[in-house]
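This report goes through selected side chains and their surroundings. Please keep the sequence and the coordinates at hand while reading.

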Amino acid sequence: IALSASGLRMAMGTIATNEWAGVVQVYDYDGAKWSRVGQQIAGSQFREQSGASVSLSADGNVLAVGTKGGDKNRVVTYKLVEHSHEIAERRYEWVSHGQVLHGSGNEHEHFGSDVSLSHDGSIVAVSAKGDAALAQEQKDGIHVVSKDAHFLRGRIYVFQFSETEWVRVDSGNIVGIKDGDEFGTAIALSADGQWVIGGAPKRTDKAYKQMMGSGMVFQALPQ
């Protein structure tokens, strides 16, 4: 679930709808009731679980939707478009905004675990709480997991919108510390998109030998 800066627009995902394909709906509050804005955004695949994560820009006109099921985990962004300038006949539609975002292509990565948009919607952070790098090598024609694989370490990707497409701008170092951390289970991006925090709920404390959880903050540095 997500709110705009004013609190008068909200987006909510329902992953169990339509055989777990999922659906996202956006509503506006007029002071008395909530009314839907634009069409329902439905998942296209069985068990896609579209809407597992959602985020809105400050003005509520840019929407990011993450999925966590189906053949490929992905994030789709939308922009709200008004089709009529007649106040009495205003009609709104959520249209695709840039390309569909993907991670490494590893289905166990869980790309889209959480999403977070900057204030103006021009930067989006996407987490993949699963494998940061499930490296594979081929032996006798069979793919096996190599010694370089990382399991459930987690990673955060950052993309910036440029003209008509999303461009990845992180350097690939926003990664969990240890296997099993599930870093990126929850994330948040600052208003200017220059700071991102990721939670690792399964981080284990050596001293206490139990899961204590942790969070890590990253800042974008000038290049």
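The model is predicted, so local features need pLDDT of at least 70 and side-chain atom pairs count only at pLDDT 80 or more, while totals for chains, interfaces and linings use all residues. Residues are numbered from 1 along each chain as its sequence is written, and side-chain values use heavy atoms, with hydrogens and water left out.

**Salt bridges**

Side chains of opposite charge can pair when their charged atoms come close. A salt bridge is counted when a side-chain nitrogen of Lys or Arg lies within 4 Å of a carboxyl oxygen of Asp or Glu. The structure holds 5 salt bridges, among them those in the table.

| Residue | Residue | N to O distance |
|---|---|---|
| Arg 9 | Asp 28 | 2.6 Å |
| Lys 33 | Asp 30 | 3.2 Å |
| Arg 168 | Asp 170 | 2.7 Å |

The salt bridge between Arg 9 and Asp 28 links distant parts of the chain, with Arg 9 in strand 2 (residues 9-14) and Asp 28 in strand 3, 19 residues apart. Strands here are DSSP runs of E with at least two residues, and they are numbered from the N terminus.

Burial is judged by relative accessible area with a 1.4 Å probe and protein chains only: buried means under 20%, exposed over 50%, and partly exposed in between. Arg 9 is buried because its relative accessible area is 11%, whereas Asp 28 has 23% and so counts as partly exposed.

Trp 34 belongs to strand 4 (residues 34-36). Its relative accessibility is 38%, which means that Trp 34 counts as partly exposed. Contact is taken as heavy atoms within 4.5 Å. Residues up to four places away in sequence are not counted, and Trp 34 then touches Gly 7, Leu 8, Arg 9, Met 10, Tyr 27, Asp 28 and Tyr 29. Arg 9 is 25 residues from Trp 34 along the chain, and their C-alpha atoms are 8.7 Å apart.

Which residues make the nonpolar surface patch that includes Trp 34? Leu 3, Leu 8, Tyr 29 and Trp 34 form it, with an area of about 380 Å². Such a patch joins nonpolar side chains (Val, Leu, Ile, Met, Phe, Trp, Tyr) within 5 Å, taken from residues with over 30% relative accessible area and no salt bridge. Accessible areas come from the Shrake-Rupley method with a 1.4 Å probe.

**Gln 25**

Gln 25 is part of strand 3 (residues 23-29), and it is buried because its relative accessible area is 14%. The side chains of Gln 25 and Tyr 27 are joined by a polar contact of 3.1 Å. A polar contact is a pair of N or O atoms within 3.5 Å; within protein, one must be able to donate a hydrogen and the other to accept it, and residues adjacent in sequence count only if both atoms are side-chain atoms. Apart from neighbours within four places in sequence, Gln 25 is in contact with Met 10, Ala 11, Met 12, Arg 36 and Gln 40.

**Ser 127**

Is Ser 127 buried or exposed? With 0% relative accessibility, Ser 127 counts as buried. Ser 127 sits in strand 11 (residues 123-128). Its side chain reaches the backbone oxygen of Gly 184 at 2.6 Å. Beyond four places in sequence, the residues that Ser 127 touches include His 110, Asp 114, Arg 155, Gly 184 and Ile 187.

Conventions: Helix = DSSP H or I, 4+ residues; strand = E, 2+ residues; numbered from the N terminus. Patch = residues over 30% accessible without salt bridge, like charges linked within 9 Å, V, L, I, M, F, W, Y side chains within 5 Å.
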